[in-house]
Amino acid sequence: MPASYNAVGSNPSPYGAGDPYYNESSGYITPHPAKKRMSNWIKIGVPILIIVIIGAVLGGVLGSRASKTNEGSNITSSSKGEAAASSMASVKLEVGRFATATNSEFMMPIYPSTTNTAAFTSPTFTTTTNNALAWPADPFQPSKPSATTTRPDRPRLIAPAYKWQALPTLIKGDPYLKGWNDTIFGNASEYYSLPPVKYNLDGGNGILDNSREIKMRIKAFAYVYHMTNDTKWVDRTWTELQNAAGNGPSSFGSDPDRWNSGHFLDTAEMTAAFAIAYDWLYSQWSEDQKSQIRSTLIKYGLHYGVTPNPAALWWQTNTTGNWNCVCNGGLTLGALAILGDDTSGIAEQVLGQTIPDAIKNCALAVSDDGTWSETANYWYFGTTGHAEMSSALLTATGSHYGLLDVNPDFPKTGNYHMYVAGSTSLFNYGDHGPNKFSTTANSMFFYGDHYSEPQYMLYQREQYDAAEPWSMFWYDPTVSGAFWNGAALDHFFDNGLDQWASMRSSWTASDALYVAVKAGKLQGHQTHNDLDAGDFVLDALGTRWAGELGSGDYNSPNYFSNDTQNSDRWLYYRKMTEGQNTILINKANQNVAAAPVVNHDTSGTTQGSSTVLDIPQDSTAYWVADLSTAYFDGTSVKRGVRLLNGRKQVLIQDEIQASTSIQWRMHTNATVHIDSAGTSATLTLDGETLIVQMIAPPNGAQFSTSDAVRFASDPTPPAPDQPNPGVTVLIIELPAGSYTLQTLFNPQWSGMTASDFVTPPTVALAQWSLTSHNN
């Protein structure tokens with residue numbers, strides 16, 4: 001059953017798929033449409049089909065350029081710097097936005113195929129003092145910053161007055177800022193015509209969707225007011241605030257805990273929304289309105305952040321993940337917004353708590369290889385909270401107090417986000433999280449600026465979720481170049497908690513080959529992981545062939561209970577080992593105490609300035625994991641993944657010794673046809689074809705298929721599994737024994753014939769090297 005997509009309005013939200021109740025998971029599978037006001041994140045799917053209007057994503061005609069700008073961030077000569085900046089601005093306007101469109105199925109940018117190397121220079125920031133091209137310096141430069149002493153002017157959160165003053169001029173000279181500005185205006189107009197967000201307590205997951213949708217709207221309304229001085233946007237913001245305070249036409253929660261502090265993410269995000277409204281529209285509120293906003297923010301938000309309640313504030317202790325970042329971030333924005341106006345002292349009390357707590361927890365969520373400790377989707381929530389909090393502290397008080405540098409590896413997390421994205425979607429292992437709404441990847445702009453990593457900024461500016469208010473102030477218009485120029489095609493992430501690999505054939509080709517595979521520990525991921533050592537995804541020909549099922553039902557009993565071996569979480573199909581693209585032994589879950597060992601190598605191929613990459617025939621990468629500790633009935637289990645034939649084919653090789661039955665499993669949306677011998681499977685999807693074949697198959701080895709459902713012999717979970725419509729499991733089943741199982745993936749590339757594909761030799765995983773498979 002092929003994937004199906006639902007059309008929605010032509011002016012979508014930049015945060016999701018346009019439908020505010022769309023499941024925001026980035027998976028490859030599309031379910032039947034979810035009923036509104038259900039737990040929308042329990043479904044799985046890629047963004048539904050939309051008519052993409054992302055500012056000026058129409059791009060421009062690629063221009064030529066006589067010479068590159070200086071590729072360093074420091075330019076010693078002022079005159080040279082100004083000349084370089086002027087040249088950069090001219091090229092920027094001539095070229096336009098690099099991505100010429102956005103793929104409506106997977107929401108990935110589409111780049112022009114061109115060998116014009118002059119257009120796409122190396123990533124850099126160009127130094128200039130020209131205020132038509134760059135942000136002016138912040139006039140607020142306290143010599144001894146204090147978290148309780150704020151800048152004298154408003155706004156103070158994220159977007160100070162000097163930036164608002166500079167923004168209209170910068171928009172005129174930057175096609176990205178212009179496109180985002182247009183999109184924000186369009187979104188604000190759409191939100192304006194909608195009724196206030198209706199209260200919906202979604203089981204154990206609270207009102208998080210409500211809070212984030214309100215925050216999304218308020219950011220847009222307040223932004224457009226500043227750009228137009230039209231007070232209708234202030235009035236519409238007030239209507240939204242009144243509704244969320246319980247003073248609207250319909251009820252919104254109940255006193256005394258209207259914002260649901262038992263699920264504190266809800267409280268934190270609503271607190272942030274009210275903070276933005278209070279601060280960004282400060283000059284427009286009457287004293288009575290300010291008093292009402294402050295009292296509501298304190299009563300339903302800040303109060304619960306400082307009132308001892310271990311059941312609600314568990315995230316304050318040893319929680320290096322998104323909860324700590326989002327909760328501390330929301331409370332911090334709330335406290336900073338009213339600091340100086342608050343006579344109760346609670347704002348200072350909150351800041352005395354949130355800043356040190358985030359430094360001890362939130363900032364440590366990034367591993368030493370840059371990987372976010374939870375999942376690739378939870379990176380969005382965690383980094384948004386972290387960036388908002390850091391940015392607000394900097395703009396309001398002049399310091400981040402260590403939040404950005406206490407973890408020396410935090411700057412690497414932008415690299416993680418780039419490599420975890422394939423040519424269709426994320427390597428979206430584990431849980432995908434709730435709807436994103438106001439959550440984006442635009443922390444990449446903030447980190448790119450603060451850590452002087454221009455490639456982060458250049459990467460994110462092409463993405464569909466870039467068009468929202470934070471981008472307008474975190475983006476540095478002096479950035480230039482192409483993120484892919486000089487970017488390695490492969491990267492290996494070796495922290496023992498994560499252990500994963502990213503390998504691809506191009507950063508810019510929509511039909512590029514991408515394979516990602518993981519090992520890592522199966523505990524310590526904030527109970528958002530699966531039992532999935534050895535799991536992989538595969539993109540080629542513009543679609544995803546092997547993919548992830550994503551989140552289970554967050555409201556299912558004991559879904560988040562714990563990550564011990566006997567946890568009820570591991571009884572749900574999407575979390576069990578059998579629900580992953582890996583080896584299954586004795587139809588049993590993997591050992592949560594697994595400690596895999598990996599090794600790998602790469603030819604080190606990088607992409608140049610061209611979007612058309614001519615890959616050498618010997619360009620390759622491989623990754624091998626000893627997964628033996630993940631299995632109770634496997635004496636030895638090893639998996640290797642290798643790119644072949646100039647990155648046109650993929651080999652997965654498994655070496656297994658097991659005392660019980662073995663299954664090789666892969667979940668796909670493709671239609672599967674197995675040949676008469678049973679050793680070759682032809683997969684068709686989205687009008688493309690992939691052939692999967694066994695090389696020198698063990699005696700009796702054959703492909704078979706099944707639906708993505710649990711075995712009849714499996715223990716019964718606390719609640720029924722969700723259906724996985726349109727998903728087929730490709731299986732190789734073997735009895736107990738010792739095997740080398742080689743599975744070759746051959747995407748049927750245009751222009752290639754059968755003779756163009758290679759059949760690799762059989763080489764033991766222990767003998768793999770960069771040249772071991774050369775013919």
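How many nonpolar, polar and charged residues are in the lining of the second largest pocket? By class, that lining has ten nonpolar, nine polar and two charged residues. Ala, Val, Leu, Ile, Met, Phe, Trp, Tyr, Cys and Pro count as nonpolar, Asp, Glu, Lys and Arg as charged, and the others, Gly among them, as polar.

This is a predicted model, in which local features need pLDDT of at least 70 and side-chain atom pairs count only at pLDDT 80 or more, while totals for chains, interfaces and linings use all residues. Residues are numbered from 1 along each chain as its sequence is written, and side-chain values use heavy atoms, with hydrogens and water left out.

**Pockets**

- A pocket is an open set of points on a 1 Å grid over the protein atoms alone, where a 1.4 Å probe fits, with protein on both sides within 12 Å along at least five of seven lines; lining residues have an atom within 4 Å of a point.
- The volume of the largest pocket is about 550 Å³, a volume being the space filled by probe spheres set on the points.
- Its lining has 23 residues, and D138, Y162, K163, T395 and D449 lie nearest the centre.
- Two or more residues of this lining come from each of α2, α10, α12 (443-450) and α14 (469-474); helices (H or I, at least four residues) and strands (E, at least two) are DSSP runs, numbered from the N terminus.
- The lining of the largest pocket has 14 nonpolar, five polar and four charged residues.
- The second largest pocket has a volume of about 420 Å³.
- It is lined by 21 residues, of which N205, H263, W314, W323 and F560 are the closest to its centre.
- The elements α4 (208-228), α8 and α10 each give two or more residues to the lining of the second largest pocket.

**Disulfide**

- A disulfide is a covalent bond between the sulfur atoms of two cysteines.
- One disulfide is found in a search of the whole structure, the criterion being a pair of cysteine sulfur atoms within 2.5 Å.
- The sulfur atoms of C325 and C362 are 2.1 Å apart, and the link is right-handed, with 105 degrees about the S-S bond.
- C325 lies in helix α8 and C362 in the loop between α9 (346-360) and α10 (378-397), so the pair ties together parts that are 37 residues apart in sequence.
- C325 is buried at 0% relative accessible area, and C362 is buried at 0% as well; buried means under 20%, exposed over 50%, and partly exposed in between (1.4 Å probe, protein chains only).
- C327 is in no disulfide, and the nearest cysteine sulfur, that of C325, is 9.4 Å away.

**Sheet**

- Eight strands form an open sheet in the order β11-β12-β13-β14-β21-β18-β17-β16, with antiparallel pairing; two strands pair if DSSP finds at least two bridges between them.
- β11 (597-602) and β16 (671-674) stand at the edges with a single partner strand each, so one side of each has no neighbour in the sheet.
- Strands β13 (residues 634-644) and β14 (residues 649-658) pair over ten bridges, and G640 stands opposite Q653 in β14.

**Backbone**

- Most residues other than glycine have a negative phi, and most peptide bonds are trans.
- R154 and P155 are joined by a cis peptide bond with omega about -10 degrees.
- D255 and P256 are also joined by a cis peptide bond, with omega about 0 degrees.
- N318 has a positive phi of about 50 degrees and is exposed, at 70% relative accessible area.
- Q526 has a phi near 55 degrees and is partly exposed, at 24%.
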